[in-house]
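Me: I'm new to reading protein structures. Could you walk me through this one, a feature at a time?

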Amino acid sequence: MVECNLKTNSKGLTFINVNGIDTSEIDYFLYTDPKCEPSKRLIDLPSNVSDHHPISMRIKCNITREQQSRNSEKQKHKIRWNKVDKSRYEETISRNIGDFIERISEHYATRYVDLDTIEKAIKSINKGKAEDVFGISIENVLYAGQQFKLFLHKLINRMFQDRVLPDIIKTGLLSPVFKNKGDKNDAKYYRGITVLPILLKIIEFILRIDLRSGSLKLQSILQKGFTANTSPLNAAIILEEVYREYMDKNYLSI
């Protein structure tokens, strides 16, 4: 106690032997803070059924509450774009995006994406959907103006030039969605829906163009699903007509 500069105070006997007599003081606080008040023995507690008298101590201190706890972040509200001043938003983005455009070089050694393809990719994404993990929705890009599209144009081409996809845009926001069957308290009756970053969706649209042009050459002419300008219903109608023809004429069909 002397080496650690610890102190205690006597508050009376705290241990009761089998005869019901207070015999010794074996419960105590050790402290160094001079702001601590002397500890007290609590003897009038009907709930105490042990063979020790509980003791208490008060410590004077100041507790500061953080403005915002990390574990209790405020819920983000979805932006109502029909009430946003879009011209002012575009002006703000255009004013601050110029420096970033100048930092991106324009040497393209591999796949080059024109600005028209970027605009088609942006328009292909449905509006009114959930925000990604960065709090960005397609409306943020759609109403950002032409300067921001030029920035995306250079940024995406630089990614293709370096053949690098940053890990930061590979992060998705996973949300469990109930399957409308089974026990709501059982995790197996939920499916995970992942919201991808907006930039990754734009890049996927561009890559889909290249992949589609190559896959169509290898695809069977009989495939109707996942094919533009056609549908499995087209093949189903032919099959239905053949089936009805065989049934009407009582032909054996295999």
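**Reading the helices and loops**

Reply: Happy to! Let's begin with a pair of helices. The axes of helix α2 (residues 115–124) and α5 come within 9 Å of each other, and they cross at roughly 115°. Keep in mind as we go that this is a predicted model.

Me: What is the handedness of the crossing of α2 and α5?

Reply: The crossing of α2 and α5 is right-handed. To see who takes part, look for residues with heavy atoms within 4.5 Å. On the α2 side you find Thr117, Ile118, Lys120, Ala121, Ile122 and Ser124, and they meet Ile202, Phe205, Ile206 and Ile209 in α5. Sorted by class, the residues of this contact of α2 with α5 are seven nonpolar, two polar and one charged.

Me: How do the axes of α2 and α4 cross?

Reply: The axes of α2 and α4 come within 10 Å and cross at roughly 110°. Angles from 65 to 115 degrees count as roughly perpendicular. That is why α2 is described as roughly perpendicular to α4. Here Leu115, Ile118, Glu119 and Ile122 of α2 meet Gln146, Lys149, Leu150, Leu152, His153 and Ile156 of α4. The contact of α2 with α4 has six nonpolar, two polar and two charged residues.

Me: And where do α4 and α5 come in? At what angle do their axes cross?

Reply: Helix α4 (residues 146–162) and helix α5 (residues 198–218) have axes that come within 12 Å and cross at roughly 65°. That angle makes α4 roughly perpendicular to α5. The crossing of α4 and α5 is right-handed. From α4, the contact uses Leu152, Leu155, Ile156, Met159 and Phe160, while α5 brings Leu199, Ile202, Ile203, Ile206 and Leu207. By class, the contact of α4 with α5 is made of ten nonpolar residues, with no polar and no charged ones.

Me: Let me step back. How many helices and strands does the protein chain have, and in what order do the elements run?

Reply: The protein chain has six helices and six strands. Starting at the N terminus, they run β-β-β-β-α-α-α-α-β-β-α-α. Among contacts with a separation of 6 or more, 58% are between residues 24 or more positions apart.

Me: Which residues other than glycine have a positive phi in the loops?

Reply: Let's take two examples. Arg163, in the loop between α4 and β5 (173–178), has a phi near 55°. Asn180, in the loop between β5 and β6 (190–195), has a phi near 65°. Neither is a glycine.

Me: Are Arg163 and Asn180 buried or exposed?

Reply: The cut-off for exposed is over 50% relative accessible area, and for buried it is under 20%. Arg163 has 71% relative accessibility, so it counts as exposed. Asn180 is at 69%, so Asn180 counts as exposed too.

Me: How much of the protein chain is buried?

Reply: Of its 254 residues, 21% count as buried. Asn140 sits in helix α3 (residues 138–142). Setting aside neighbours within four places in sequence, Asn140 is in contact with Ile79, Trp81, Tyr89 and Gly135.

Me: One last residue, please. Where does Pro176 lie, and what does it touch?

Reply: Pro176 lies in strand β5. With a relative accessible area of 62%, Pro176 is exposed. Not counting residues up to four places away in sequence, Pro176 touches Tyr190 and Arg191. Pro176 and Ile193 are 17 residues apart along the chain, and their C-alpha atoms are separated by 6.3 Å.

How values were computed:
Residues numbered from 1 in each chain as written. Predicted model: local features only at pLDDT ≥ 70, side-chain atom pairs only at ≥ 80, totals over all residues. Heavy atoms only, no water. Axes fitted to C-alpha atoms, helices over the stretch in contact; angles between N-to-C directions. Helix = DSSP H or I, 4+ residues; strand = E, 2+ residues; numbered from the N terminus. Parallel < 35°, antiparallel > 145°, perpendicular 65-115°, else oblique. Left-handed = near helix turned anticlockwise from the far one by under 90°. Nonpolar A, V, L, I, M, F, W, Y, C, P; charged D, E, K, R; others polar. Buried < 20%, exposed > 50% of the residue type's maximum accessible area, 1.4 Å probe, protein only.
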